[in-house]
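Colleague: I am new to this one. Please show me the model, then let me ask about your wording.

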Amino acid sequence: MNRIFAKNFIVALLFSVVACTGGKAQSEQKTLAFGDVMPSFSLADQDGKVFNSADYVGKSILVIYFYPKDESMVCTKEACSFRDSFNDFTKAGAKVIGINGGTVTSHKEFSDHYKLPFILLSDPGDKVYHLFGVKNKLFMTGRKTFIIDLHGKIAFTYEAMMQGKKHAEDALAFIKKYKAS
């Protein structure tokens with residue numbers, strides 16, 4: 001009986017993963033890496049204004065972090081860590097941008113609730129997630145941070161699903177080291 005349950009559970013789990021990824025193998029999705037050019041994109045921010053990435057390349061170092069869900073435990077810790085280090089990022093010439101598939105309204109509520117001083121972008125359908133090659137983890141969209149240099153190239157990446165605070169810490173440490181060299 002337990003073997004039948006286990007087999008059915010595994011089949012259901014595999015079916016769910018395939019259904020959540022739209023049946024596409026994520027291994028086919030190219031993940032952006034060091035030296036790759038950041039793809040251009042336009043998304044609405046938490047205030048409903050259109051953010052065009054091309055408008056910022058060459059003007060600021062971009063810290064773009066992808067996170068699964070507004071108001072979830074790890075995502076909130078991650079956002080608050082970026083908030084708490086926001087002045088240090090700004091002094092280093094960096095612009096912090098959070099992206100996920102949540103709505104403009106959800107991002108506005110999340111931003112207001114935690115007094116987030118940076119841009120949150122709504123990525124319906126995870127189009128930008130796919131442009132950057134951020135892979136899903138089980139039933140959630142992935143968590144990955146990219147630093148884009150002044151030439152529009154990927155200078156640093158960090159990926160860890162359960163260590164939200166580390167994204168801000170490691171990104172800031174990299175930028176300080178990058179600026180010092």
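What follows is a short exchange about the terms used.

Modeller: This is a predicted model, where local features need pLDDT of at least 70, side-chain atom pairs count only at pLDDT 80 or more, and totals for chains, interfaces and linings use all residues. Residues are numbered from 1 along each chain as its sequence is written, and side-chain values use heavy atoms, with hydrogens and water left out.

Colleague: How do you know that β1 and β2 pair?

Modeller: Two strands pair if DSSP finds at least two bridges between them. Strand β1 (residues 42-45) and β2 share three bridges, in the antiparallel sense. So they count as paired. Ser 42 stands opposite Asn 52 in β2.

Colleague: What makes β2 and β7 edge strands?

Modeller: The open sheet has seven strands, in the order β2-β1-β5-β4-β3-β6-β7, with mixed pairing. Strands β2 (50-52) and β7 (154-159) each pair on one side only. Strands here are DSSP runs (E, at least two residues), and helices are runs of H or I, at least four residues; both are numbered from the N terminus.

Colleague: What does helix α2 touch?

Modeller: Helix α2 (residues 73-84) packs on the sheet, touching β3 (61-66), β4 (94-100) and β6 (144-148). Contact means heavy atoms within 4.5 Å.

Colleague: Why is Thr 76 called buried?

Modeller: Buried means under 20% relative accessible area (1.4 Å probe, protein chains only), exposed over 50%, partly exposed in between. Thr 76 has 11%, so it is buried. Its place is in helix α2. Not counting residues up to four places away in sequence, Thr 76 touches Glu 71, Phe 110 and Tyr 114.

Conventions. Axes are lines fitted to C-alpha atoms, for helices over the stretch in contact, and angles run from 0 to 180 degrees between N-to-C directions.
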